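Please keep the sequence and the structure in view while reading.

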Amino acid sequence: MTGWYWTRWPSREGLEREADSGPRRVLTVLGRVVLIVSVTWGTYAGGKYHGWAAVAAGAGLVAMVGLSAAYLHTAREQRLRPSLGLAAVLIGVGWLANHGEAYLLADVTWYGLAVMALVRLPPVPALLVAGAALGSYTAVSWASWLSIVSTVGGLTLLGFLLRLDIEARGTARRLLAQERAARAAEAESAALAERARIAREIHDVLAHSLSAQLVHLEAARLMLDAGTDREQIRERVVAARRMAQDGLAETRQALSALRGELTPVGDFLVELTGRERASLTVTGTPRPLAAEAALAVRRTAQEAVTNVRKHAPGARCGVELRYLPGAVELEVRNFRAPRAEAPGELSDSGSGYGLLGMRERAELLGGTLLAGPEDDGGWRVLLRVPA
């Protein structure tokens with residue numbers, strides 16, 4: 001890990017221009033302009049350059065600016081050899097400027113190269129380039145050793161601080177990108193879960209509605225085969241038609257439920273048991289239920305009552321809703337019919353997946369569903385879900 005660090009380039013994300021805020025970019029541009037103007041003024045202010053000497057000093061300034069820009073570009077592109085080559089040329093430009101008595105230009109060239117190397121290059125090449133640049137400054141400086149040590153130490157510290165800032169900005173940009181990707185994945189997962197929930201609701205509504213219609217139509221067919229009175233057959237057909245209408249209404253209710261527009265569970269059970277001639281008992285203090293828990297109670301009640309009519313025609317059916325602390329229970333029981341009325345072909349009219357669908361719905365909510373025969377020959381369905 002340590003060896004990898006010493007040869008690792010700085011974070012690309014931190015060096016991208018998009019990583020800088022608007023004010024930061026403005027300050028960076030202004031700082032470079034002020035530096036160039038200051039170096040130009042310091043070079044020509046003494047009035048010691050005239051004629052070709054002034055032209056040579058101007059060429060040195062232009063070369064320093066152009067080479068520095070090229071060095072910054074190659075370092076940003078993480079091209080080590082061109083960067084080292086340009087660094088060597090910049091050190092040479094500093095020596096030429098010093099030889100031509102453009103001391104400020106030479107010092108600024110070496111200062112800037114050392115700081116840029118520490119910021120833009122991998123640590124090992126950065127230390128070599130910075131050492132060469134600051135060593136050149138030390139070799140020709142007339143300042144005291146205390147001033148030289150302070151300058152070299154300050155520039156080195158500045159370079160490492162700027163490098164840490166770039167690394168921090170790069171890390172922040174990576175974390176931001178990861179957060180955005182996680183949010184996008186979360187939104188996509190939520191959309192898929194919502195689609196699956198809508199599909200489950202529509203499936204349950206249609207399965208219940210079509211199964212109930214099939215019960216009535218199958219009964220009508222058996223009545224036709226048995227030569228039953230036409231009016232009774234007509235009642236079965238009308239009931240099937242009513243179930244089709246109810247199925248459409250329930251589909252709309254399911255979509256409304258997904259939008260949080262459910263009617264109270266108690267009102268729904270009153271309507272269901274009244275239509276199916278079943279008894280209803282409510283215990284506990286009624287309270288609003290979450291949409292998914294309310295849907296589970298509604299669908300389980302529908303499926304269980306329909307199963308009674310399919311598999312135990314004529315049997316007495318009882319529905320009990322119990323509001324418990326932190327949960328709600330629904331119990332649907334049917335008792336042995338007073339007369340032996342065989343279910344016959346009616347029992348084969350469903351898809352066979354009603355009980356499985358009810359149990360899956362309960363488990364998705366962290367609840368349970370129990371279903372099985374009773375000692376008295378009846379059948380019991382018990383749903384318990386958190387609410």
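## Gln 245 in helix H9

Helix H9, which covers residues 230–258, is where Gln 245 lies, and the model that places it there is a predicted one. With a relative accessibility of 40%, Gln 245 counts as partly exposed, because that class runs between the limits of 20% and 50%. Although Gln 245 and Ser 209 are 36 residues apart along the chain, their C-alpha atoms are separated by 8.9 Å.

## Helices H5 and H6

Helix H5 (residues 80–99) packs with helix H6 (residues 103–120) at an angle of about 160°, and the axes of the two helices are 7 Å apart. H5 is therefore roughly antiparallel to H6, since angles over 145 degrees are put in that class. The crossing in which H5 passes H6 is left-handed.

On the H5 side, the residues that meet H6 are Ala 87, Leu 90, Ile 91, Gly 94, Trp 95, Ala 97 and Asn 98, while H6 brings Tyr 103, Leu 105, Ala 106, Thr 109, Trp 110 and Leu 113. Sorted by class, this contact of H5 with H6 holds 10 nonpolar and 3 polar residues, and no charged ones.

## Arg 322 in strand S2

Arg 322 has its place in strand S2, which spans residues 317–324. Its relative accessibility is 15%, so Arg 322 counts as buried, the limit for that class being under 20%.

The side chain of Arg 322 is joined to that of Glu 331 by a polar contact of 3.1 Å. Leaving aside residues up to four places away in sequence, Arg 322 touches Thr 283, Ala 327, Val 328, Glu 329, Glu 331 and Leu 382.

Definitions and conventions. Residues numbered from 1 in each chain as written. Predicted model: local features only at pLDDT ≥ 70, side-chain atom pairs only at ≥ 80, totals over all residues. Heavy atoms only, no water. Axes fitted to C-alpha atoms, helices over the stretch in contact; angles between N-to-C directions. Helix = DSSP H or I, 4+ residues; strand = E, 2+ residues; numbered from the N terminus. Parallel < 35°, antiparallel > 145°, perpendicular 65-115°, else oblique. Left-handed = near helix turned anticlockwise from the far one by under 90°. Contact = heavy atoms within 4.5 Å. Nonpolar A, V, L, I, M, F, W, Y, C, P; charged D, E, K, R; others polar. Buried < 20%, exposed > 50% of the residue type's maximum accessible area, 1.4 Å probe, protein only. Polar contact = N/O pair within 3.5 Å; in protein donor to acceptor, adjacent residues only side chain to side chain.
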